[in-house]
Amino acid sequence: MDAAIPSAPAESAELDALLSGWPGPALRLADGGQVRDANGRAREMERHGRDWLDGLSAWVAEGGPAVEPVRSFPVETGHGPGALEFAVTRLPDGDVLCLGRDMTLERRLRNALTESRQRYKDLVDISSDFAWETGPDGRFVFVSPAGAIGYTADELVGRHPAELVLEEFADQPLPFDTRTPIGRTEVWLRAKDGTPACLVSSALPLTGPAGVWMGARGACRNITEVRLRGMELAQVRLREKYLGYIVSSTRDDVEPAKTLEIAAGVAVNATGADGARLFAKVGDDFPEAAGQGEAPEALAGSLPRLLAHAASQAEPAEAVLGDLHLLACRTLFRHEVNGAVLVWRRGERRWTGDDTSMIRAIADHVGVAVAQARYQERLKTLSERDGLTGLYNRRTFMEKLEQRLARNTAGNSALLYFDLDNFKAVNDLQGHTAGDEVLRAVGALLERLARAGDLAGRLGGDEFVLWADRVDEAGGLRIADRLLHEAAEFLRPLSAGPDKPLGVSIGVALHQGGGGEPAQALVDRSDHAMYAAKRMGKGHRALAPAAAIPVQPRDGAA
């Protein structure tokens with residue numbers, strides 16, 4: 001079998017014609033595998049190597065053709081490894097005819113096709129979560145073996161994709177029944193466990209004869225996690241934007257009441273509520289501090305219980321009153337409850353996790369705003385009020401009196417100016433602590449006597465004033481008489497002794513609206529009248545002469 005292919009002539013013209021005319025390598029081998037004849041193509045192949053020839057000869061010698069009529073053998077070509085496939089048949093004289101063909105190109109094409117298909121499959125698997133195909137009825141006829149969104153491939157094949165689409169996206173076009181090529185489109189489906197799944201899909205329509213639509217084919221990738229992260233990031237940014245309004249209003253020294261109004265508006269916009277109320281806790285009560293939107297009537301009866309419940313827990317409290325959905329969250333400052341935030345809306349829209357998270361974040365800032373509002377109210381009180389009696393101090397009383405006189409353009413009012421009789425004896429005999437108690441008692445007495453619209457103040461020492469709004473001379477004197485009587489009764493227990501009873505001496509000055517009398521002039525007139533009352537004896541009142549400044553005539557008067 002190691003001898004070169006001989007050039008022996010063929011035994012018959014037909015066999016010779018077959019060998020010479022065969023386009024591939026052709027040989028006639030003896031039963032033992034020796035080469036009896038071969039065509040030019042076989043001799044050409046031999047020059048590249050004899051391994052194929054040795055293999056063929058050995059196979060024939062071993063009787064292989066009797067079992068396997070076709071067999072391939074590796075061969076070296078001028079362009080690398082190849083293969084020769086021989087079909088063998090036994091001749092009448094016992095020799096074996098071997099007709100071969102070069103399978104190198106075909107195998108390379110087949111391998112290239114297989115590799116291309118594998119490459120396509122690998123790319124699809126890498127670039128998508130699943131590939132799919134729908135048929136003419138729109139149902140899945142193929143889903144890649146891994147399945148999708150929790151379903152196995154078998155569970156999806158035969159189902160219509162529309163069955164998996166979330167209701168809120170049911171009116172959007174789907175890639176699964178597309179009539180035009182789609183590059184990238186998003187579709188929201190419901191996964192097997194019921195959770196939403198966002199898929200980005202590319203698809204091509206499939207058409208049959210005459211352009212009839214036969215279905216679609218495409219690939220999807222699950223981007224739910226990316227979308228949810230994006231939505232969470234957007235929610236965080238929106239929350240920061242809303243909360244920034246509250247923070248900036250606090251930082252920029254906006255009036256605390258305005259800051260709370262801003263916070264109420266943020267609570268409405270950030271949660272999609274119909275309205276909101278902010279409350280500042282005082283003792284066990286929650287008086288309203290700010291709000292937005294008209295409060296439903298049904299809210300009044302349930303409000304105290306809901307706010308108390310919200311104040312007792314860290315998480316926001318929810319309640320439902322008919323079609324009214326309520327959400328309340330306590331506010332804290334230095335770990336103590338100082339108020340609450342309440343939002344409400346009507347209909348079937350329930351509060352989401354984002355809503356409760358947002359209202360909790362708003363409550364954190366509102367707690368600081370409530371504390372700041374209380375602090376500024378305290379500062380305002382300290383600047384306007386007398387620290388001992390709680391009445392307006394001299395500066396504030398004079399400012400408010402000027403405002404009243406500017407507004408009071410018609411009608412009469414009265415200013416009562418009084419000091420305490422025998423007050424010095426209390427300080428001298430019982431000490432200044434007892435004297436302070438007397439002054440506080442006078443403050444409480446004036447708070448009780450003052451009507452809505454009246455002004456009460458302490459000008460200093462034991463000197464007090466009461467502006468009685470909208471009274472004539474008789475009315476002003478009646479108030480003075482009542483003050484004389486009640487002061488004597490109320491202060492008697494605090495007197496230094498029976499011979500030094502506490503009381504008041506009062507000067508009453510009438511003010512005619514539109515007269516143009518300055519506030520200080522009015523105070524001076526009532527002060528002079530008070531000294532006139534003292535000259536009459538302690539425990540009296542006196543009426544001041546009319547203002548020296550003439551009353552200005554009204555427009556059009558003669």
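This is a predicted model: local features need pLDDT of at least 70, side-chain atom pairs count only at pLDDT 80 or more; totals for chains, interfaces and linings use all residues.
1. Overall make-up. The protein chain has 558 residues, and 43% of them count as buried. Its secondary structure comes to 14 helices and 20 strands.

2. Contacts and surface. If you take the contacts in the protein chain with a separation of 6 or more, 57% are between residues 24 or more positions apart.

3. Helix α13, geometry. This one runs over residues 473-491, so to speak 19 residues from end to end, by the DSSP assignment. From first C-alpha to last, α13 reaches 27 Å, close to the 27 Å expected at 1.5 Å a residue. At its N-terminal end the cap is Asp472, with a side-chain oxygen 3.4 Å from the backbone nitrogen of Ala474.

4. Which residues of α13 are buried? They are Gly475, Gly476, Leu477, Ala480, Leu483, Leu484, Glu486, Ala487 and Leu491. Note that Glu486 is on that list of buried residues. The cover over them includes strands β16 (412-421), β19 (503-512) and β20 (541-543), along with helix α12 (432-449).

5. A nonpolar surface patch. Tyr375, Leu379 and Leu382 make up a nonpolar patch on the surface, and together they have about 330 Å² of accessible area. Tyr375 sits in helix α9, which covers residues 353-384. Is Tyr375 buried, exposed or partly exposed? Its relative accessibility is 47%, so Tyr375 counts as partly exposed; the exposed class only starts over 50%.

Technical notes:
Residues are numbered from 1 along each chain as its sequence is written. Side-chain values use heavy atoms; hydrogens and water are left out. Patches are made of residues with over 30% relative accessible area and no salt bridge: like charges are joined within 9 Å, nonpolar side chains (Val, Leu, Ile, Met, Phe, Trp, Tyr) within 5 Å. Accessible areas come from the Shrake-Rupley method with a 1.4 Å probe; for residues, only the protein chains shown count as cover. A salt bridge is a side-chain nitrogen of Lys or Arg within 4 Å of a carboxyl oxygen of Asp or Glu. Helices (H or I, at least four residues) and strands (E, at least two) are DSSP runs, numbered from the N terminus. Buried means under 20% relative accessible area, exposed over 50%, partly exposed in between (1.4 Å probe, protein chains only). The expected span of a helix is 1.5 Å times one less than its number of residues. Contact means heavy atoms within 4.5 Å. A polar contact is a pair of N or O atoms within 3.5 Å; within protein, one must be able to donate a hydrogen and the other to accept it, and residues adjacent in sequence count only if both atoms are side-chain atoms.
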